[in-house]
Amino acid sequence: MTDLVLPSETNPLNNLFGGELLARMDRAASIAARRHSRRITVTASVNHVAFNQAVPVGSVVTVEAAVSRAFKTSMEIYIDVWMEDRFSGEKSKVNEAIYTFVAVDESGRPIQIPELNPETPLEKERYAAALRRKQLSLVLAGKMKPKEATELRALFMD
Ligand SMILES: CC(C)(COP(=O)(O)OP(=O)(O)OC[C@H]1O[C@@H](n2cnc3c(N)ncnc32)[C@H](O)[C@@H]1OP(=O)(O)O)[C@@H](O)C(=O)NCCC(=O)NCCS
């Protein structure tokens with residue numbers, strides 16, 4: 001999704017307001033989740049957001065969202081945010097985020113989704129790390145006991 005940063009979307013320093021970027025990322029992630037599952041999808045959690053660089057008013061911002069791993073009913077969506085240089089047109093990465101979406105039926109109950117097969121080295125890297133991120137998110141949400149998060153624990157044992 002590519003769009004301008006308008007004055008009404010900025011903070012007192014004339015940079016893009018964080019909540020506006022979160023909303024843009026949520027919309028792009030929702031489209032990626034829907035395209036993969038072909039179901040109604042809802043945001044289950046925002047696992048990670050890094051506002052690495054301020055985005056000034058007037059910037060052209062591109063939010064790129066892709067499903068990095070599909071589990072049973074949930075999907076991890078990896079979001080890269082790029083800003084386009086006004087003069088050279090060159091894109092630089094300014095932010096990234098990781099969201100979890102769940103596919104649901106008409107009554108809002110989680111429903112099974114197709115698997116995802118990563119192809120490129122980056123897709124494979126993100127796919128591999130997604131399970132421990134899911135476990136971390138579930139532990140922080142109080143939905144999984146730390147001792148059950150085996151892949152996450154293994155990260156700290158190495
Ligand atoms: C998201 C929602 C459907 C999950 O329902 P639930 O009863 O917790 O369902 P489950 O426990 O079966 O979890 C469903 C999946 O979500 C995953 N999940 C749930 N909470 C999660 C979290 N905090 N982090 C990561 N994954 C999570 C579960 O691991 C499970 O994944 P899997 O089936 O792929 O293994 C439900 O909480 C909901 O409808 N929330 C509101 C969503 C919404 O309105 N979003 C917009 C906010 S404004």
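Reply: Two residues are in contact if their C-beta atoms, placed from the backbone, lie within 7 Å. This is a predicted model: local features need pLDDT of at least 70, side-chain atom pairs count only at pLDDT 80 or more, and totals for chains, interfaces and linings use all residues. Residues are numbered from 1 along each chain as its sequence is written.

Me: OK. What does R69 touch, leaving out residues up to four places away in sequence?

Reply: R69 touches E76, L116, Y127 and A130 on that count. R69 and L116 are 47 residues apart in sequence, with their C-alpha atoms 6.0 Å apart in space.

Me: Where is R69 placed? And is R69 buried or exposed?

Reply: R69 is in strand 3. Helices (H or I, at least four residues) and strands (E, at least two) are DSSP runs, numbered from the N terminus. R69 counts as buried because it has 21 C-beta neighbours inside 10 Å. The cut-offs: buried means 20 or more other C-beta atoms within 10 Å of the residue's own, exposed means 12 or fewer, and partly exposed is in between, with C-beta atoms placed from the backbone.

Me: What about A65, where is that found?

Reply: A65 is also a strand 3 residue, and that strand covers residues 60-70. A65 is buried, since 25 other C-beta atoms lie within 10 Å. Setting aside neighbours within four places in sequence, the contacts of A65 are A28, A29, I31, A32, I77 and I79.

Me: Zoom out. How many helices and strands are in the protein chain?

Reply: The protein chain has 3 helices and 5 strands. Their order along the sequence is β-α-β-β-β-β-α-α. The C-alpha trace spans about 50 × 45 × 30 Å along its principal axes.

Me: What percentage of the protein chain is buried?

Reply: Buried residues are 28% of the 158 residues. On contacts, of those between residues at least 6 apart in sequence, 65% join residues at least 24 apart.

Me: Now the ligand. How many residues surround the ligand, and which are the closest?

Reply: The ligand is surrounded by 18 residues, and the closest are F71, K72, T73, S74 and S137. A residue is near a molecule or strand if its C-beta atom, placed from the backbone, lies within 6 Å of it.

Me: Which element gives the most to that shell?

Reply: Strand 2, with 4 residues. Strand 2 (40-51), strand 5 (91-104) and helix 2 (121-140) each supply at least two residues of the shell. By class the shell has 8 nonpolar, 7 polar and 3 charged residues. Here Ala, Val, Leu, Ile, Met, Phe, Trp, Tyr, Cys and Pro count as nonpolar, Asp, Glu, Lys and Arg as charged, and the others, Gly among them, as polar.

Me: At what angle do helix 2 and helix 3 pack?

Reply: Helix 2 and helix 3 (residues 150-157) pack at about 105 degrees, with axes 7 Å apart. That makes the two helices roughly perpendicular. Angles under 35 degrees count as roughly parallel, over 145 as roughly antiparallel, 65 to 115 as roughly perpendicular and the rest as oblique. Axes are lines fitted to C-alpha atoms, for helices over the stretch in contact, and angles run from 0 to 180 degrees between N-to-C directions.

Me: Which residues make the contact?

Reply: Helix 2 contributes L131, R132, Q135 and L136, and helix 3 contributes E151, L152 and L155. By class, the contact has 4 nonpolar, 1 polar and 2 charged residues.

Me: And the loop between helix 2 and helix 3, which residue lies there?

Reply: M144 is one of the residues in that loop. M144 counts as partly exposed because it has 16 C-beta neighbours inside 10 Å. Not counting residues up to four places away in sequence, M144 touches Q135, L138, V139 and A149.

Me: Last topic, backbone. Which residue has a positive phi near 65 degrees?

Reply: N14, a residue other than glycine. Most residues other than glycine have a negative phi. N14 lies in the loop between strand 1 (2-4) and helix 1 (18-37), and N14 counts as exposed because it has 12 C-beta neighbours inside 10 Å. R38 has a positive phi too, near 55 degrees. R38 lies in the loop between helix 1 and strand 2, and with 10 C-beta neighbours inside 10 Å, R38 counts as exposed.
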